Structures are given as C-alpha cells and as structure tokens.
Amino acid sequence: MSNTPSEAQVALVTGATRGIGAAIAAELAQRGFRVIGTATTDAGAAAIVALHQRSPIDAVVAVDDHGVEVAALAGERLGLIHTDPQAVAATRDKSLMRELLMGTAVRQPAFAIAHTADDVS
C-alpha cells in the first residue's frame with residue numbers, strides 16, 4: 001500500500017465506528033485515503049452500491065462479524081468476488097447452520113432449538 005494515494009483512492013471500511021474497523025479507518029485516513037464507513041445492514045450494502053456508481057470500487061472487505069453480511073451483499077450486487085450472502089447468514093446463525101449441516105455428511109452432535117424456557121426442560 002502506498003503512503004501517498006492519489007485523490008481517486010477510496011477506502012471502504014465496514015464496521016468503521018468501533019474496534020479494529022475504527023483503527024483501520026483512522027490509519028487509512030492518516031495515509032490520505034478518502035475513508036467511507038458503512039452501516040451493518042442492508043442499507044449499508046445499498047450505500048456501497050451507490051458509492052460504486054460515483055467512484056468505482058474494486059473490492060469490499062469486512063473487518064468485523066456484522067460487516068461480513070454487508071460485504072457479501074454489496075459484492076453480490078456489484079458483481080465482485082464475494083462470499084455467498086446466504087452462506088454468510090448461515091455462519092452467523094447457529095441453528096440455521098446446524099439445520100443446513102444435517103443434510104450433509106458433516107457429523108455434529110444432536111441438538112434442539114429452544115424458543116422458550118419451557119423448551120429446555
């Protein structure tokens with residue numbers, strides 16, 4: 001990464017308001033990048049697509065758990081290399097992941113989904 005980016009270089013950082021995302025955004029801004037931070041929702045993916053129309057984006061990289069969903073959705077909408085949004089959703093939902101794994105050769109322990117405290121007893 002160059003320490004002197006051109007005016008056209010834009011860094012898109014998901015999760016830019018906290019943790020490692022905030023640290024990455026601050027470092028990139030210090031290096032002269034125009035930093036765009038996004039939300040962790042479908043609206044965030046829409047904002048990325050809108051930004052791409054004004055200033056083309058080559059990649060969307062997530063830096064936190066919530067950002068992976070936004071990055072996958074934006075990458076899909078922009079036709080970039082990306083992780084399947086449905087696969088990302090499954091990795092963030094333990095019960096969905098276990099249900100999907102039941103139909104494969106991947107071994108896992110028995111489980112039940114508890115919706116209320118009465119389901120546990």
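1. Buried means under 20% relative accessible area, exposed over 50%, and partly exposed in between (1.4 Å probe, protein chains only). This is a predicted model, in which local features need pLDDT of at least 70 and side-chain atom pairs count only at pLDDT 80 or more, while totals for chains, interfaces and linings use all residues. Residues are numbered from 1 along each chain as its sequence is written, and side-chain values use heavy atoms, with hydrogens and water left out.

2. The structure holds two salt bridges, the term being used for a side-chain nitrogen of Lys or Arg within 4 Å of a carboxyl oxygen of Asp or Glu. In one, Glu-27 pairs with Arg-31, with 2.7 Å between the closest N and O atoms; Glu-27 is partly exposed at 35% relative accessible area, and Arg-31 is likewise partly exposed, at 27%.

3. In the other salt bridge, Arg-92 pairs with Glu-69, the closest N and O atoms being 3.0 Å apart. This pair links distant parts of the chain, 23 residues apart, since Arg-92 lies in the loop between α4 (85-91) and α5 (94-102) and Glu-69 in helix α3 (residues 67-78); helices here are DSSP runs (H or I, at least four residues), numbered from the N terminus.

4. The largest nonpolar core has 12 residues, among them Leu-12, Ile-48, Leu-51 and Val-70, where a core is a set of buried Ala, Val, Leu, Ile, Met, Phe, Trp, Tyr and Cys residues joined through side-chain atoms within 4.5 Å. The elements giving two or more residues to this core are α2 (42-54) and α3.
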